[in-house]
Protein chains: 4
Amino acid sequence: MALNRSGPTKDRIRRAAVKLFADKGFHGTGIRDLAQEARLSSASLYHYVGNKEDLLAGIMRDALGALLTAAHEVVDGVADPVERLGRLVALHVITHAVQREETTVVDNEVRSLSAETRQPVVKLRDTYERLWTEAIRDGLRAGVFHTDRPSVTRLALLEMCNGVARWYSPGGALDLEQLAGHYARLALRAAGCTDPGAVPDLARCRAVVNTVWATAETGR
Amino acid sequence: MALNRSGPTKDRIRRAAVKLFADKGFHGTGIRDLAQEARLSSASLYHYVGNKEDLLAGIMRDALGALLTAAHEVVDGVADPVERLGRLVALHVITHAVQREETTVVDNEVRSLSAETRQPVVKLRDTYERLWTEAIRDGLRAGVFHTDRPSVTRLALLEMCNGVARWYSPGGALDLEQLAGHYARLALRAAGCTDPGAVPDLARCRAVVNTVWATAETGR
Amino acid sequence: MALNRSGPTKDRIRRAAVKLFADKGFHGTGIRDLAQEARLSSASLYHYVGNKEDLLAGIMRDALGALLTAAHEVVDGVADPVERLGRLVALHVITHAVQREETTVVDNEVRSLSAETRQPVVKLRDTYERLWTEAIRDGLRAGVFHTDRPSVTRLALLEMCNGVARWYSPGGALDLEQLAGHYARLALRAAGCTDPGAVPDLARCRAVVNTVWATAETGR
Amino acid sequence: MALNRSGPTKDRIRRAAVKLFADKGFHGTGIRDLAQEARLSSASLYHYVGNKEDLLAGIMRDALGALLTAAHEVVDGVADPVERLGRLVALHVITHAVQREETTVVDNEVRSLSAETRQPVVKLRDTYERLWTEAIRDGLRAGVFHTDRPSVTRLALLEMCNGVARWYSPGGALDLEQLAGHYARLALRAAGCTDPGAVPDLARCRAVVNTVWATAETGR
DNA sequence: AATGAATGAGAATTCATTCAT
DNA sequence: GATGAATGAATTCTCATTCAT
């Protein structure tokens, strides 16, 4: 039963690509680099993958899909906008810390996709960001946030959280939930939250990240 | 006085490189792309530039140099930590809005430098970030900021401001000083500033950005 | 009787190769193209065939063998050189019309064979062409043909008839025997035949083509 | 003055391509083969040529253009259909003998062109063949040719003449004008020409071929 | 009988760079 | 000051083929 063999190899390639695209960029990574990292000949790589761009597109789609799924799991049905934005921030931060390489690729390599491949990726991203937009909008309506230019605020908060992937390394002094809590506080304060005392359900966010990504990395 | 003739051409090359490195990345930009954008042959390029990496290193050094100079001009001698951090934020944001391409290169392409070339760049960056560190530290000591993990906060704020280069486009609804003011408010609130009512001297920041970059783009 | 099971598959491969070699050329056809056309994996192909060149050599040997056999059946014992040349032309034309792909491969891909493989193929072709040479020679001796440079004439007539495979498509306005008759007339006139009134036995030629190729496509 | 340098090199490449495409086919010829034959590195080849297909398309366009030009020069204003067809045959044969490689490429490699590139080539060829169609039609109307299915006859004669490139080698026993005269006789007889006694103006045909191709091989 | 996995060799093409003029 | 010519090394990707199962 060689059936489940293709899984591991394809995953090895995927992991190699994620790592190298994150560290050296799409254009900075050669097919030979990928093959070496995945312990295959470069010809064998093409047994599993159509081409370099397919690999990138697959990574981005899956990563954004996972993020979107996780966001819905964490936010759907939550009425309080403060809790909602707090959870989105925490989820985003935890994801960027735990899946540093995937999120780095997603955040940096959209431009490396061809127009046709880029489109669905951008659409996914837009769908995800809409959750942020709605949380902020509802908070403003409810009078718990205070900011003019809410869309600028949204962009600022998103970029702030994206940044985590650029410096966080696990095993530092800060554990994940502390990190997420810190960012949630920063974000809510920045949003003009009157009483950011309550902290979002960090454990929930972390658990969701774990299960969603466990699925993402198996279900291929 | 044919001496300063090389100036204009070299500037054209520099501008071409800044544009393309920002838009397509260092590895995504070919020498021929650069030559075409600068309207000369790729062979002629080598009259003005040692090689591709020199070009990148030059851009980064000058851009970071300008940022550091501007920061000192804006911050030195300012006692109030709130005003200091506010100005740093405003300056950083204005720079990322006005010099979008330069800052994009600085923020994304450090990894494309060789180890030796990278070192002085990183050092410059560290020197610059120390100004942020100090402002935050002083604000905490003075009791006007409230944040545990001040270095995490610093990183979060810096990344938030870096993000401006990823989405701002001049000619939008938001003018520069509004933008800078908005970000200053977000940042100070996030830092736990008790009374962020006072806004930093935005006009000063903007003026400094203008003069520093006018110099930077001529003095080559 | 599982013995003749390999027949069908091998035939499918053969047919695939004939089609693709004819349409895209030997070098323009990949092993994977062949496998796809034959509806099996490229690895399975190698169960039935030594390698790409074997496939080509087999096609050529069989096709030339069939042509030679048919020619003998049609010509042996026929004394009249006009009838003989007429039949050779008709047979050649019918074969090129009915077995367009096989003859295209034979006519175009000799150069793609390696030296050793090429030799027997060329020998077969020479043997076949000798029948034409003899018919023309006998017609000249008998005073029914008139042409100096008979070998140039032979080459001209052969190429004229080869051409049929380049444009004839079944189902056109012209049926096979009309086509063959037309070419026989052209050829005999060109050979300076004084009275080309009598037409060769086209039905015989056609029947022989049919039986010979029925055998050729089964007896593998 | 390095200006006229690019001429010779580009011509060397063209000649190499013509030779190799003729002898080994488009798909049988590698870029490295071409470079070696043209005494360049394969990278240098791309200094002069866009890609392999451009090279092929250029050869085909120029060769067909030359053939068409020559045909017009030889046939325009000639009223007698016998002389006209005779000249077309002679011209075609001489061209296939003298420019064996070019015509071989034209006759065999149309299929190797991509759809867009193929179109203009096919159009040129059609324009050229129309001259044959008209000569035959006029001869039939004038009652000097006798053939039903004139378009089949046209195809047969064209292929007969194409064949020359497959076997003729200069320096054989047969000189060019003898060859052309022989083919003209064969063709006119095949066309049912009642009195093929008169031979077309072979010297004229030959001269036109020479001048047209001298231009073709310089005017690049 | 059949195939997924694997690969070394080679395909076409692009790269950054040098140099003679 | 400027560039056409040139190239070795590298690029992405395909090739025909083998082999374990």
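Predicted model: local features only at pLDDT ≥ 70, side-chain atom pairs only at ≥ 80, totals over all residues.
Of the atoms of DNA strand E that come within 4 Å of the protein, 57% belong to sugar and phosphate.

Let me turn to individual contacts with the phosphates. B:Lys52 places a polar side-chain atom 3.0 Å from a phosphate oxygen of DNA strand E. For B:Thr29, the atom concerned is a backbone N or O, and it lies 3.4 Å from a phosphate oxygen of DNA strand E.

Which elements give two or more residues to the surface near DNA strand E? From chain A they are α1 (6-24) and α3 (42-48), and from chain B they are α2 (31-38) and α3 (42-48). Chain C supplies α3 (42-48), while chain D supplies α2 (31-37) and α3 (42-48). By residue class, this surface holds 14 polar, 12 nonpolar and 4 charged residues.

I now move to the organisation of chain A. Its domain assignment gives domain 1, residues 1-50, and domain 2, residues 61-218. The centres of these two domains of chain A, taken over C-alpha atoms, are 29 Å apart. Their contact involves 10 residues of domain 1 and 9 residues of domain 2.

How much area is buried between domain 1 of chain A and domain 2 of chain A? The value is about 720 Å², and carbon and sulfur atoms give 53% of it. On the side of domain 1, the residues that lose the most area to domain 2 are A:Val18, A:Ala22 and A:Phe26, which together make up 49% of what that side buries.

There are polar features at this domain interface as well. Two domains of chain A, 1 and 2, are joined across their interface by 2 salt bridges. In one salt bridge of the model, the side chains of A:Arg14 and A:Asp62 meet at 2.9 Å, N to O. Polar contact across the interface of the two domains of chain A is found for 3 residue pairs. The side of domain 1 that touches domain 2 consists of 4 nonpolar, 2 polar and 4 charged residues.

Finally, I come to the interface of chain A and chain B. Here 34 residues of chain A are in contact with 34 residues of chain B. The area buried between these chains is about 2,700 Å², with 56% given by carbon and sulfur atoms.

How many salt bridges cross the interface of chain A and chain B? There are 6. A:Glu159 and B:Arg166 meet through their side chains in a salt bridge of 2.8 Å, N to O.

On the side of chain A that touches chain B, the elements giving two or more residues are α1, α8 (150-162), α9 (164-167) and α10 (176-190). Among these, α10(A) gives the most, with 8 residues. This side of chain A divides into 14 nonpolar, 10 polar and 10 charged residues.

Conventions: Residues numbered from 1 in each chain as written. Chains lettered and ligands numbered in written order. Heavy atoms only, no water. Near = heavy atom within 4 Å. Polar contact = N/O pair within 3.5 Å; in protein donor to acceptor, adjacent residues only side chain to side chain. Helix = DSSP H or I, 4+ residues; strand = E, 2+ residues; numbered from the N terminus. Nonpolar A, V, L, I, M, F, W, Y, C, P; charged D, E, K, R; others polar. Domains from an automatic or database assignment. Contact = heavy atoms within 4.5 Å. Buried area = accessible area lost by both parts, 1.4 Å probe. Salt bridge = Lys/Arg side-chain N within 4 Å of Asp/Glu carboxyl O.
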